[in-house]
Amino acid sequence: MIRTFIAVELDPDFGEKIRQIQERFSGFDLKFVNPEIVHITLKFLGDIKESMVDPVAAALDSIMCEPFEAKVGGIGVFPKPSSPKVLWLGATGNFETLHDEVETVLKPFKFKEDERAFTAHATLARVKSLNKDQKTAFINVLNELKNIEIGSFQVNKALLKKSTLTPDGPIYETLHTVYLD
């Protein structure tokens, strides 16, 4: 079994800006994502048999979505500022159409449907714990950065990725590339 997901990778040039944002939150008990692997997850598939990789890749090749311009910026948290669990970077563009296409072409595989509405975002960190004073300071930094702009990039592919979890963080490997046209 291999742990898999479908994602859009961010422009590699965004790494330094992401690192700077993460530094602003360095005083809090967070588990940061390596800026080089920060991405927008379209769908988490979970553990699949290796024999499913080719059929899933073939299904993804039937995605009908034109390349689009995406803007990355804005900081937020899930589920809400008063009890943050995930610190994220926002993204706008035609992600919802791309997400819906992924859901449609993968329907025959009966993967678990997303329970929440899709929100294009890139996870920057997971919040381990915040006491009351830290929460106030955390929300202040969040408010300072909420409208930060990272930049734009062209989304012209989606990737089927393998995720290997290690004590030092996940290692991602691209299993298949879907070019949008």
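Helix axes are taken here as lines fitted to C-alpha atoms over the stretch in contact, with angles running from 0 to 180 degrees between N-to-C directions, and helices (H or I, at least four residues) and strands (E, at least two) are DSSP runs numbered from the N terminus. The model is predicted, so that local features need pLDDT of at least 70 and side-chain atom pairs count only at pLDDT 80 or more, whereas totals for chains, interfaces and linings use all residues. Residues are numbered from 1 along each chain as its sequence is written, and side-chain values use heavy atoms, with hydrogens and water left out.

The axes of helix α2 (residues 53-60) and helix α3 (residues 95-106) come within 9 Å and cross at roughly 130 degrees. This angle makes α2 oblique to α3, because angles under 35 degrees count as roughly parallel, over 145 as roughly antiparallel, 65 to 115 as roughly perpendicular and the rest as oblique. The contact (heavy atoms within 4.5 Å) is formed by V56, A59 and L60 on the side of α2 and by V102, V105 and L106 on the side of α3. These residues divide into 6 nonpolar, no polar and no charged, where Ala, Val, Leu, Ile, Met, Phe, Trp, Tyr, Cys and Pro count as nonpolar, Asp, Glu, Lys and Arg as charged, and the others, Gly among them, as polar.

In soluble globular proteins, nonpolar side chains tend to be buried together. A nonpolar core is a set of buried Ala, Val, Leu, Ile, Met, Phe, Trp, Tyr and Cys residues joined through side-chain atoms within 4.5 Å, and buried means under 20% relative accessible area, exposed over 50%, and partly exposed in between (1.4 Å probe, protein chains only). The largest such core has 54 residues, of which F25, L60, L87, F95, L106 and F138 touch the most other members. Leaving aside neighbours within four places in sequence, L60 is in contact with I6, V102, V105, L106, L160 and V178.

L142, which lies in helix α4 (residues 132-145), is buried, with a relative accessible area of 5%. Residues up to four places away in sequence not being counted, L142 touches F25, I75, G76, V77 and L87; L142 and L87 are 55 residues apart in sequence and 9.0 Å apart in space, C-alpha to C-alpha.

Two backbone features were also noted. The peptide bond from F78 to P79 is cis, with omega near -5 degrees, and P79 is found in strand β4 (residues 68-80). K110, in the loop between α3 and β6 (121-129), has a positive phi of about 60 degrees although K110 is not a glycine.
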